[in-house]
Amino acid sequence: MAEEQQYDLVVLGGGPGGYVAAIRAAQLGFKTACVEKQNALGGTCVRIGCIPSKALLDSSELFEQIRDKSAVHGISVPPPTVDVAKMHARKDGVVKANTDGVAFLFRKNKIDWVRGFGRLTSPETIEVQGEDGTRTLRAKTIILAPGSVPVELPFLRYDHERIIDSTGALTIPEVPGHLVVVGGGVIGLELGSVWLRLGAKVTVLEMAPTILPGMDGEIVRQADRIFRRQGFDIRTETRVTGAERQGDRVVVSVEGQDPIEADYLLVSVGRRAYTEGMGLEEAGVRLDRGVIQVDQNFHTGVGSVYAIGDAIGGRMLAHKAEEEGVAAVEIAAGHLGDVNYDAVANVVYTWPEIASVGLTEEEAKAAGREYRVGKFPFQANGRARAAAETDGLVKVLADAHTDRLIGVHMLGPRCSDLIAEAAFAMEMHASAEDIARSVHAHPTFPEALKEAALAVDGRTIHL
Ligand code: FAD
Ligand code: NAD
């Protein structure tokens, strides 16, 4: 039996939650290891999630700009063509730069990456099954960050050829004639946008009454109109009952509708915590439908074992996992650690982009909050006009009595960047008046946020 390796802190999982936790632990002077079973660090986000999807979104956006948006600027270009293999190669290069970057950060911070599948064998030990055998890591503190995997529907089993999950949709080798997407959530709309822009017909089958359920209703209604104008065939309140392979085609059965023939069927109906086979329950960690149960300090209730990221539930977002990683390590080190979930922004990287932080109007109403609303359309923003990107609006919700921001929602150009100001303002417990009084450079997209904040008090200047 190999000797145990001793650490101060071991992280299980090298995704954005786990690798950031490991770096923070090393910064605090802990002898740290991170167990990761894949042959690259970075987790879902870096390898098969945020980064490759944004690489394809940026490539396809450029393609669409050249094809559809040049003429309005007086630029004539021949219709562009796309080399999908090259587009994928660029994406793979972007992913590699990022996974290598995490490996570099590990070396710089003297963190050991232990490759293999980890199992919690006691509150202080993790057994790692690697290519070179099994070894045991012993640590005073363990942070579980095993992340999540796509939900698989029993009547729509993935064959990973034509019935695919998000990972498959990131590697489709040619522009599909027809891509059918089950689930009009964030993955369906982002990856649907990639292939739609490149020329595919894209049909989105969504069970709920609207796409993007849970986001601010007014923003979703406007986005839905724009997406349909872009060519998405969006069918809400639509129930898929099965799919059958017929050679290279997939025939999708839909309740009450004719079957739909597709080249690829992307099933993107959510993700679930990935926690099986890791000895968690045996070690006393409580799971609820696979989700690791933690208290407000990310503690599992077992020894000095903490858990973070997608595997503990809540919003499945990389930046949420990262902040939890930092907070859990700081708490384990005896410092104060906290994540302000009210100020966690959420972005959908379609074009126009959708971004939000805080309560939606529906949530504010349901909570009985008294609030005031200020809105400003990009149509009235000088920079948006200059850029010929005038779709969408910014909407600010502020407490009716204190004027404190309770939610900010946006649809429009570069909203993934614009939301940072709103998230910061929420973190600082700012009021709408604080944003309204801040000097914003002119002409810029963020002026739309300032104007929406002014609108809360009926003082919009440019409308
Ligand atoms: P993960 O990133 O899932 O990492 C967990 C890691 O643990 C994995 O590498 C896994 O191999 C490893 N692991 C698990 N169990 C073991 C074990 N027993 N032993 C060894 N290793 C193990 N979020 C955003 O905020 N912005 C986006 O733009 C965005 N885009 C996305 C696009 C797609 C297509 C997808 C699928 C997701 C996207 N997400 C995005 C979500 C984001 O990827 C996740 O929220 C984030 O990766 C969660 O981080 P995590 O560290 O909790 O888990
Ligand atoms: P999602 O929860 O965003 O959307 C799933 C959609 O599928 C929902 O609209 C739901 O109503 C619908 N649905 C569920 N069952 C269905 C069925 N049987 N038939 C038809 N529709 C059905 O999930 P996702 O798009 O798979 O993404 C998973 C998670 O990954 C997201 O929730 C998010 O946390 C994360 N993610 C984030 C980003 C980002 O931050 N930009 C991007 C991609 C993924």
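**View 1. Polar contacts of ligand 2 with the backbone.** A polar backbone atom of isoleucine 187 sits 2.9 Å from an oxygen atom of ligand 2. For valine 186, the distance from a polar backbone atom to a ligand 2 oxygen is 3.2 Å. Methionine 207 places a backbone N or O atom 3.3 Å from a ligand 2 nitrogen. The protein covers 78% of the 840 Å² of accessible area that ligand 2 has on its own (Shrake-Rupley method, 1.4 Å probe). The model is predicted: local features need pLDDT of at least 70, side-chain atom pairs count only at pLDDT 80 or more, and totals for chains, interfaces and linings use all residues. Residues are numbered from 1 along each chain as its sequence is written, and ligands from 1 in the order in which they are written.

**View 2. The shell around ligand 2.** 20 residues surround ligand 2 (a heavy atom within 4 Å). Glu190, Glu206, Gly270, Met316 and Val347 are the closest. Helix α6 (residues 186-197) gives the largest share, three residues. Helices here are DSSP runs, H or I, of at least four residues.

**View 3. Ligand 1 and its surroundings.** Ligand 1 is surrounded by 39 residues; Glu36, Thr44, Lys54, Gly118 and Ala318 are the closest. A polar side-chain atom of threonine 44 lies 2.6 Å from a ligand 1 oxygen. Of the 990 Å² of accessible area that ligand 1 has on its own, the protein covers 95%. Helix α2 gives the most to this shell, four residues.

**View 4. Buried residues of helix α3.** Helix α3 spans residues 50-69. Its buried residues (under 20% relative accessible area, 1.4 Å probe, protein chains only) include Leu56, Leu57 and Phe63. Their cover includes α2 (43-48), α4 (84-108) and α6.

Definitions and conventions:
Side-chain values use heavy atoms; hydrogens and water are left out. A polar contact is a pair of N or O atoms within 3.5 Å; within protein, one must be able to donate a hydrogen and the other to accept it, and residues adjacent in sequence count only if both atoms are side-chain atoms. Helices (H or I, at least four residues) and strands (E, at least two) are DSSP runs, numbered from the N terminus. Buried means under 20% relative accessible area, exposed over 50%, partly exposed in between (1.4 Å probe, protein chains only). Contact means heavy atoms within 4.5 Å.
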